[in-house]
Amino acid sequence: MGNVDIILTMYRYFESGDVPRIQSELMHPDIVWRVPGHHPLAGAHHGPDQVLGFLGQMAQIGIQFTDMHFGELDDGTVVEKHLGIAKLAGEQVELPAAVTYGIRDGRIADVRVNSGDQHALDRFVWSSVSLKPVTERLSTD
């Protein structure tokens with residue numbers, strides 16, 4: 001399977017709800033998925049469990065991805081360009097992005113999301129994702 005095929009297969013599994021196969025077949029055990037921004041889903045997500053948690057949250061907030069294009073660089077990195085479409089206070093918001101996928105041992109190992117409109121992405125995610133109350137976030141139990 002070529003590197004672009006790995007990413008296309010990830011999308012196919014995700015769309016069909018076959019998320020366990022993403023982890024078992026496509027994710028490197030040391031995967032890191034980096035998301036820029038100042039919102040609750042931003043940051044570096046380490047390991048399959050955190051990455052799948054992040055992807056699950058992304059699926060729930062309702063961004064529709066369109067105009068997707070994929071290519072492979074000379075070092076094997078896969079580059080994805082897409083346009084995310086979302087609703088924010090009744091307004092359609094465009095969220096362009098480029099994503100790079102580092103492949104190691106035939107699996108997705110290092111993902112970096114690069115937002116084309118970080119302010120719009122931050123506003124949209126804050127409007128869509130609620131944080132737990134402070135007392136629950138600070139609890140040591």
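The model is a predicted one. Its protein chain contains five helices and six strands, and when these elements are read along the sequence they give the pattern α-α-β-β-α-β-β-β-β-α-α. The C-alpha trace spans about 45 × 40 × 25 Å along its principal axes.

Of the 141 residues, 38% count as buried, and the accessible surface of the protein chain comes to about 8100 Å², with 51% of that area belonging to carbon and sulfur atoms.

In soluble globular proteins, nonpolar side chains tend to be buried together. Here the largest nonpolar core has 35 residues, and the members that touch the most other members are Met10, Trp33, Tyr101 and Ile108. Two or more residues of this core come from each of helix 1, helix 2 (19–26), strand 1 (27–35), helix 3 (47–61), strand 4 (78–88), strand 5 (91–104), strand 6 (107–115) and helix 4 (118–128).

Which residues does Ile108 touch, not counting those up to four places away in sequence? They are Ile6, Ile7, Met10, Leu26, Met27, His28, Ile31, Tyr101, Gly102 and Ile103. Two of these, Met10 and Tyr101, are themselves named with Ile108 among the core members that touch the most others.

Helix 4 has the buried residues Ala120, Leu121, Asp122, Phe124 and Val125, and these pack against helix 3, strand 4, strand 5 and strand 6.

**Individual residues**

Asn3 belongs to helix 1, which covers residues 3–16. Because its relative accessible area is 17%, below the cut-off of 20%, Asn3 counts as buried. Once neighbours within four places in sequence are left aside, Asn3 is in contact with Glu72, Gly76, Val78 and Ile103.

Met68 lies in strand 3, which covers residues 64–72. Not counting residues up to four places away in sequence, Met68 touches Tyr11, Glu80, Lys81 and His82. The C-alpha atoms of Met68 and Gly106 are separated by 22 Å, and these two residues are 38 residues apart along the chain.

Most residues other than glycine have a negative phi. Asp67, although it is not a glycine, has a positive phi of about 50 degrees, and its place is in strand 3. Asp105 is another residue other than glycine with a positive value, its phi being near 55 degrees, but Asp105 sits in the loop between strand 5 and strand 6.

The table below gathers the accessibility of the residues discussed in this section.

| Residue | Relative accessibility | Class |
|---|---|---|
| Asn3 | 17% | buried |
| Met68 | 28% | partly exposed |
| Asp67 | 40% | partly exposed |
| Asp105 | 67% | exposed |

Asp105 counts as exposed because its relative accessibility of 67% is over 50%, whereas Asp67, at 40%, counts as partly exposed.

Technical notes: Residues are numbered from 1 along each chain as its sequence is written. This is a predicted model: local features need pLDDT of at least 70, side-chain atom pairs count only at pLDDT 80 or more; totals for chains, interfaces and linings use all residues. Side-chain values use heavy atoms; hydrogens and water are left out. Helices (H or I, at least four residues) and strands (E, at least two) are DSSP runs, numbered from the N terminus. Buried means under 20% relative accessible area, exposed over 50%, partly exposed in between (1.4 Å probe, protein chains only). Accessible areas come from the Shrake-Rupley method with a 1.4 Å probe; for residues, only the protein chains shown count as cover. Contact means heavy atoms within 4.5 Å. A nonpolar core is a set of buried Ala, Val, Leu, Ile, Met, Phe, Trp, Tyr and Cys residues joined through side-chain atoms within 4.5 Å.
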